[in-house]
Amino acid sequence: MMTLSPARDSDRPRLLVVRNDKLGDFMLAWPALACLKAADPAPHVSVLVPAYTAPLARQCPWIDEVLLDPGEAAGREGRHALLTNLRAGRFDALLTLFSTPRIGWLGWRAGIPLRLAPATKWAQVFYNRRVTQRRSRSEKPEYRYNLELAEALLDELALTPPAPPEPPYWPLPAGTRDAQRARLIDELGLEASTPWVFLHPGSGGSAVNLSLDQYARLVGAVESHLAAGTRPSWVLTAGPGEEAAADRLRDRLAEASLTAYRMPARGGIDDFALSLSAADLFIAGSTGPLHIAGALDRPTAGFYPSRRSATPLRWQTCNAPAHRLAFCPPEGAGERDMSSIDLDAAASLIAERLPPLPTRETTP
């Protein structure tokens, strides 16, 4: 157990948390950040993230300061500037949720006294506290592994742990969802009285996903399971470079007499993320946007490959259990083979999760 040095500006310990890989990985760190911030006394929490996820980090209510990681390709000046910033931060502890030799070396060189990380790879030599997790076995959700590390850090710092945090891990200010829905009504003319189903057909290049044909069949199957007059509004979302694929899906749906709208471009990843709060249900592969929706505690339906490192359990969204559905191919399917997913069965479950239409008063 570590004894904290006298505080510089307050009685709060200063923590640096690193999750500097992909968007979905970062969103699954929010439960751990919520856990840290709820400790007694509440620490000052800084994060080291790449420029790509920094706008979302600045939206996170559990983060006090955002530091930019220039990455592996940074030149000598960039590496030196980052090390200087870490030393100036005078952190009491470093928590690395995804361990790499570069980050471990930086924490050691910066003189951070307590450095905690998963006990994986040779990067652990730079850490003086290590937690054995064996994540490759995929026995728990990723966000649970992150929570375990946060709890271990609080124990090392002798901070009073909070009650286990609960969704939403991204609580929005009152009125945010209503404002986002009003924005889409103005942009797309959506009917406020229908369920809004957002569908993200892109994969960001990192996740195995359904094909556009499969998504088109899924939409048709969902509608076939709904009672007459309960057709939802379908909204297709897209990340940078994915707009053309979303448009192709919209055209395929139109050929089947199904109407879908593409959400207009947003002013950055943070603006895009806030737009997802308007959804009544969000459908996607195991991608960053799916995990944004999960952090917002929106209902989700995720499609996962049959791969041990990418199971529905390992990459479970962090919304409430009643708000999540997950589908993957049957055991024995190829790691990248999504063709054996029973889309009709998935559609039936998705249709059951859609909110009912509001009751309308009738005039006698």
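**Close-up 1. Ser257, an exposed residue with positive phi.** In this predicted model, Ser257 counts as exposed because its relative accessibility is 58%, and the cut-off for exposed is over 50%. Its phi is near 60°, a positive value in a residue other than glycine. Ser257 sits in the loop between α9 (243–255) and β9 (260–262). Most residues other than glycine have a negative phi.

**Close-up 2. Asp297, a buried residue with positive phi.** Phi of Asp297 is about 65°, positive although the residue is not a glycine. The loop between α11 (288–295) and β11 (300–303) holds Asp297. Is Asp297 buried or exposed? Asp297 counts as buried, because its relative accessibility is 13% and the cut-off for buried is under 20%. Ser257, by contrast, counts as exposed at 58%.

**Close-up 3. The cis peptide bond from Asp40 to Pro41.** Omega of this bond is near 0°. Pro41 belongs to the loop that links α2 (30–37) and β2 (44–49). Strand β2 is part of the open sheet, placed between β3 and β1 in its order. Most peptide bonds are trans.

**Close-up 4. The cis peptide bond between Pro167 and Pro168.** Here omega is about 0°. Which loop holds Pro168? Pro168 lies between α6 and α7 (176–188). Helix α6 covers residues 142–156.

**Close-up 5. The open sheet of six strands.** The strand order is β3-β2-β1-β4-β5-β6, and the pairing is parallel. Which strands form the edges? They are β3 (65–68) and β6 (129–131), each of which pairs on one side only. Neighbouring strands are turned by 20° against each other on average, direction ignored. Strands of a sheet pair through backbone hydrogen bonds.

**Close-up 6. Strands β1 and β4 side by side in the sheet.** Strand β1 spans residues 14–18, and strand β4 spans residues 93–96. The two run parallel. How many bridges join β1 to β4? There are four bridges.

Technical notes:
Residues numbered from 1 in each chain as written. Predicted model: local features only at pLDDT ≥ 70, side-chain atom pairs only at ≥ 80, totals over all residues. Heavy atoms only, no water. Pairing = 2+ DSSP bridges. Axes fitted to C-alpha atoms, helices over the stretch in contact; angles between N-to-C directions. Contact = heavy atoms within 4.5 Å. Buried < 20%, exposed > 50% of the residue type's maximum accessible area, 1.4 Å probe, protein only.
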